[in-house]
Amino acid sequence: MSRLPVRLRLTLAFGAAMALVLAATGAFVYFRLESSLNETVDESLSARLSDAVNLARSGGASGITMSEDGFTEITERRLDAGTGQLDDFLEVEGPVRTSAVVIPTDDGARSVRVGASLADRDETLGNLLTQMAIAGPAVLLLASLLGYWLAGAALRPVDRMRAEAAAISGSEPGRRLPTGRARDEISRLAQTLNEMLERLERAIDRERSFVADASHELRTPLALLKAELELALRTPRSGRELESAVRSAALETDRLVRLAEDLLVLAQADEGRLPLRREPLRAADVLDPVGEAFRARAEGAGRAIEVEPSDGIALNADRLRLEQAVGNLVDNALRHGDGTIRLRAVERNGRVELHVRDEGQGVDAELLPHAFERFTRGDEARTRGGTGLGLALVAAVAEAHGGSAGAQGSDVWLAIPVAI
């Protein structure tokens, strides 16, 4: 049954329901007509019995009188001694319906009985059954054909939607399914599918932009790496020149590795499966290791890193992911900020905020609304070799923990729920 087309299934269901309705209606009509005919026969018998009783009491002759619609019978009976009353009674005998009564007389009793033939009743009911047997299947067939047509008409918008959906492709953005004028289930289905298509188009556009930006970001370090290696192969070269070329190639390789790692994390976050290994932590367990990891680099640049006490602030999170996110914030501060870099944790409104702040100008006001989007970089960051993925990764890690990321000037942070 489930393999049949929807239109045929609807027709079969409609036909089955119609058959039940016709059967119930036919049974009701048949039994109602039978009851009505029986009442008519009984009324006729009652009237004839009353006439026959009057005739018997007036001394009418005994015997049987036949007519087209029945008979009347008057017979002599002896009243049994001790009988206090005579009962009316009604009998049904085969194709004849009878009614009889015994009336007392001076010398005994007389029995009066009348009968009516049920042939006309039976013929009427038989004709009704014959007509229903002929008309029922015909009506059922016509109703099924009508149901088949109605099912096709109801599913016609769905077929148009199917044809339109088959014609939609990525080369025609903005194309949508017809919704129709009626505000019915089909229209709501088309509207829901159009909303889904819109979300898919946005996702495809985002992925295309992501791939294009990633390709552009990969092209630059690869080109520089190739240039450095080709330059190192030229002769004659001194040992210092070779060392400089290798160091430059190593820096570009580090940039490629970092870019690949960030892209992998963001791809996992997009698919909703960024792996997290939550554990009870103190904010200091995250901030102190990050500060130590970047301290030598900061001192080499003539800058300082300070980790403010967190006063036992606790959270339940993935230590490595948080260290990666905070490390990205510190790396951005070292690349694009100025002065001392301060790391601190603040508990506010049921969340723990991990802040990284420096003494530079911070994020441009024009860039701030898009700062946490992928490959968003200021002009200065582009000249310093940034990938534009650092803040996007911070936002992905925060969202995976059920939190968010924010920035105000040179203060950038991520906020996640406190430990439960």
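**A walk through the predicted model**

Let's start just past helix H1, where Gly59 takes a positive phi of about 90 degrees. Helices here are DSSP runs of H or I with at least four residues, strands are E runs of at least two, and both are numbered from the N terminus. Bear in mind that this is a predicted model, in which local features need pLDDT of at least 70, side-chain atom pairs count only at pLDDT 80 or more, and totals for chains, interfaces and linings use all residues. Residues are numbered from 1 along each chain as its sequence is written, and side-chain values use heavy atoms, with hydrogens and water left out.

Stepping back to H1 itself, this helix covers residues 6-57, 52 residues in total. From first C-alpha to last, H1 reaches 76 Å, close to the 76 Å expected at 1.5 Å a residue (the expected span is 1.5 Å times one less than the number of residues). Its buried residues include Thr11, Gly15, Tyr30, Arg48 and Ala56, where buried means under 20% relative accessible area with a 1.4 Å probe, counting protein chains only. And what covers them? Among the elements doing so are strands S1 (63-67), S2 (70-77), S4 (96-105) and S5 (108-117), along with helix H2 (119-167).

Further along, Ser310 sits in the loop between strand S7 (305-307) and strand S8 (314-318). Ser310 counts as buried because its relative accessibility is 8%. Setting aside neighbours within four places in sequence, Ser310 is in contact (heavy atoms within 4.5 Å) with Ala283, Ala284 and Ala345.

Next comes helix H6, residues 319-336. At its start, a side-chain oxygen of Asp318 reaches to within 3.1 Å of the backbone nitrogen of Leu320. H6 has 18 residues and spans 26 Å between its first and last C-alpha, close to the expected 26 Å. Its buried residues include Leu322, Gly327, Asp331 and Arg335.

Zooming out, the protein has 8 helices and 12 strands, and 33% of its 420 residues count as buried. Of the contacts with a separation of 6 or more, 65% are between residues 24 or more positions apart.

How far should you trust it? The average pLDDT, the predictor's confidence in each residue from 0 to 100, is 79, and 81% of the residues score at least 70. Residues 79-93 stay under 50, with 18 contacts beyond four places in sequence in the model. Residues 381-385 are also below 50, and that stretch has 8 contacts beyond near neighbours in sequence. Where pLDDT is low, the predicted coordinates should not be read in detail.

Terms used. Buried means under 20% relative accessible area, exposed over 50%, partly exposed in between (1.4 Å probe, protein chains only). A polar contact is a pair of N or O atoms within 3.5 Å; within protein, one must be able to donate a hydrogen and the other to accept it, and residues adjacent in sequence count only if both atoms are side-chain atoms.
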